[in-house]
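Subject: Structure for you to look at

Hi,

Here is the structure I promised to pass on. Please open it first, then read my notes beside it.

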Amino acid sequence: MKKPSDTAEDIPKKKLWDRAAWKDASFFLKYLRPHFNVFIPAMFALALTGGITLVFLFLLSKLVAAAISGESSPTLIEEADRNTLMLIGVVGVQAFIAFWRIMLFAKASERALASVRKDTFGRIIRLPMSTLNVRRVGELASRLANDVECLRETLVVTIPMLIRHTVMLTGGVVFIFILSPKLSLFMIGTIPVVLLLIAIFGARIRKLTRKAQDDLAESQVVVDESLQSIISVKAFRNETHEVSRYESKLNVFLDTAIRAAFPRASFIAFIIFCFSVALALVLWFAIRMLAEGAITKEDLVQFGTFSGIVAASFAQFPELIGQLQRALGATERVREILQEPTEPEDPKAQTPAAPTPKSVPRFQGAIHVDGIEFAYPTRPDTIVLRDFSFEAAAGQRIALVGPSGSGKSTAISLLYRFYEPSKGEIRIDGQPINELPLGTLRRNLALVPQEVLLFGGTIAENIEYGRPGSSLDEIKAASVQANAAEFIDALPEGYNTRVGERGTQLSGGQRQRIAIARAILADPAILILDEATSSLDAESERLVQAALDKLMENRTSIIIAHRLSTVRRADQILVMSGGAIIERGTHDQLIAEEHSLYANLAKLQLE
């Protein structure tokens, strides 16, 4: 009867693991290739230092052999002096080469890893929203931090040691074969067994270490989510709950890590046992050869020295292979992210920052939405928008009102092409938006969201985000229009004030006005206000609303609002419910329909 591991279904999996290992190796080479002018000399220096170590041991073994020969003469002293001076010279050369080897390896590997980090982050930041909503932030952050750091340890430590011990192992085997082929063949007879064990244990270790990386990423998710929502955590006094949640994920990781340690420990223990038995047998065989006169004492000392080098180098391989397996598991996850499809690139974009705001063609702002139907990829059976249609002439103000969950924010997501509708079409100035470069589309839009999350830099940097490269005078002018200049100037460091993590050093109203200043600076053709004044007190709302009224002049504006006082002057109000537009018209037209949803809302809010 066949074992489960021998089934036909599992044979392709074994081949797949082999292919994956080759892909991981090519992944390393891809990022090292631009630095071969540094990496190859470092490899050569590494091999050279390994060879010099063998020369050092050869000279040392000659000294020891001469010492135990029992002879005493001036010639022996002269030879000892000569060998000692040569030893010091060899060590000096080795130290000099080792310095440059470490420097060159660090330069090549750190540059390669910087490219890996940049490409990984660049890929993550360009993933479509449908993918980002499935992959949690903490998991992606873990890939960038933990997995790439694992690659770093491999490039900087594991691979150099593997090469060094390979050189020393190869050189040692050559030396002992020269000294005594018969004894050498007896000693290395166990090597095929060890190589077979490496192949068997390697796949198991690789699989478990990959799972351990996944479990560690899961625990990182808890950390990121807890810190991002720290106010809620503390407000609900849920610190203990979060610690418990983290501990639960950490225990899963710990269990996998321990399970991964079992085959690795078994492997290493078996290798130690094999080497110990082999050493005893080789010693027994060597004594018999010495007694029979088949080997001299001097040759036996040198043979013993190089046998020790061979054994020590070979003994390092199981642990180095284990470390390499862990790195390959991390490499697979990084490769998976780098292979994820991203949002379409702009055809003329030469750099991640291109196109610049000033080079983008400006829209007139006419919007035509025709028969849109949409469901989120994670909930394909739940229709969020159905038969959603409207037209907005350039410069008009369109208001979307309705209860939470009616699809207002989803409509904006489709306008930005964060998602693609399953049916229907959106056109701007008569052109379908899915035919427009994303850079051109999105730089003609500006959003002032309901919940403003600022970056952790200065106020000036957060406003400048609307149009990178803007001067301080332009930033200040935008702040004045957003009625933010007064409170900014009152701060001790003014525009250089750091806003704290996610803007926590500022009040909600202050963050909102900075977001409005950012949108003003962007100077979009289409402005989107998602409850833009919801965090302001009555006086601030009046000032900001006046600024927004000026900003909305001569540009198309889409206003999402619960408070109807902010949409009275809209050219068209779309009342939404259940993902569909159930009423449309101006404020006066809708209020005149006595039993309409809008009229009922107006009675509750405006009377």
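Below is what was found, taken part by part.

Two ground rules first. This is a predicted model, so local features need pLDDT of at least 70 and side-chain atom pairs count only at pLDDT 80 or more, while totals for chains, interfaces and linings use all residues. Residues are numbered from 1 along each chain as its sequence is written, and side-chain values use heavy atoms, with hydrogens and water left out.

**The whole chain**

The protein chain has 19 helices and 10 strands. Both are DSSP runs, numbered from the N terminus: helices are H or I with at least four residues, strands are E with at least two. Of its 607 residues, 44% count as buried. Buried means under 20% relative accessible area, exposed means over 50%, and partly exposed is in between (1.4 Å probe, protein chains only). Take the contacts with a separation of 6 or more: 77% of them join residues 24 or more positions apart. A contact means heavy atoms within 4.5 Å.

**The open sheet**

Find the four strands in the order S2-S1-S4-S5. They form an open sheet with antiparallel pairing. Strands S2 (385-392) and S5 (431-432) are at the edges; each has a single partner strand, so one side of each has no neighbour in the sheet. Two strands pair if DSSP finds at least two bridges between them. S1 (residues 367-374) and S2 are joined by five bridges. There, His368 is opposite Glu391 in S2.

Helix H11 (residues 408-415) packs on this sheet and touches S1, S2 and S4 (423-428). Its direction makes about 65 degrees with that of S2. For such angles, axes are lines fitted to C-alpha atoms, for helices over the stretch in contact, and the angles run from 0 to 180 degrees between N-to-C directions. Seven of the eight residues of H11 are buried, among them Ile412 and Leu414. Arg417 follows H11 and has a positive phi, near 65 degrees.

Asp387 has a value of about 45 degrees. Asp387 lies in S2 and is exposed, at 61% relative accessible area. Asp429 has a phi near 55 degrees. Asp429 sits in the loop between S4 and S5 and is partly exposed, at 33%.

**The hairpin**

S9 (residues 572-577) and S10 (residues 580-585) pair antiparallel over five bridges. Leu574 has Arg584 in S10 as its bridge partner. Two residues separate the strands of this hairpin, and Gly578 in the turn has a positive phi of about 60 degrees.

**The cores**

Which residues touch the most other members of the largest nonpolar core? They are Ile463, Tyr495, Val567, Ile573 and Tyr598, in a core of 41 residues. Helix H16 (residues 508-522) gives the largest share, seven residues. A nonpolar core is a set of buried Ala, Val, Leu, Ile, Met, Phe, Trp, Tyr and Cys residues joined through side-chain atoms within 4.5 Å. Not counting residues up to four places away in sequence, Tyr598 touches residues including Val401, Ile573 and Leu590. Another core, of 34 residues, lies apart; Phe363 and Ile581 are among them.

**Ser596**

Ser596 is in the loop between helices H18 (587-592) and H19 (597-606). Is Ser596 buried or exposed? Ser596 is buried, with a relative accessible area of 5%. Its side chain reaches the backbone oxygen of Glu593 at 2.9 Å. Beyond its neighbours within four places in sequence, Ser596 contacts Glu583 and Leu590.

Best wishes

Terms used:
A polar contact is a pair of N or O atoms within 3.5 Å; within protein, one must be able to donate a hydrogen and the other to accept it, and residues adjacent in sequence count only if both atoms are side-chain atoms.
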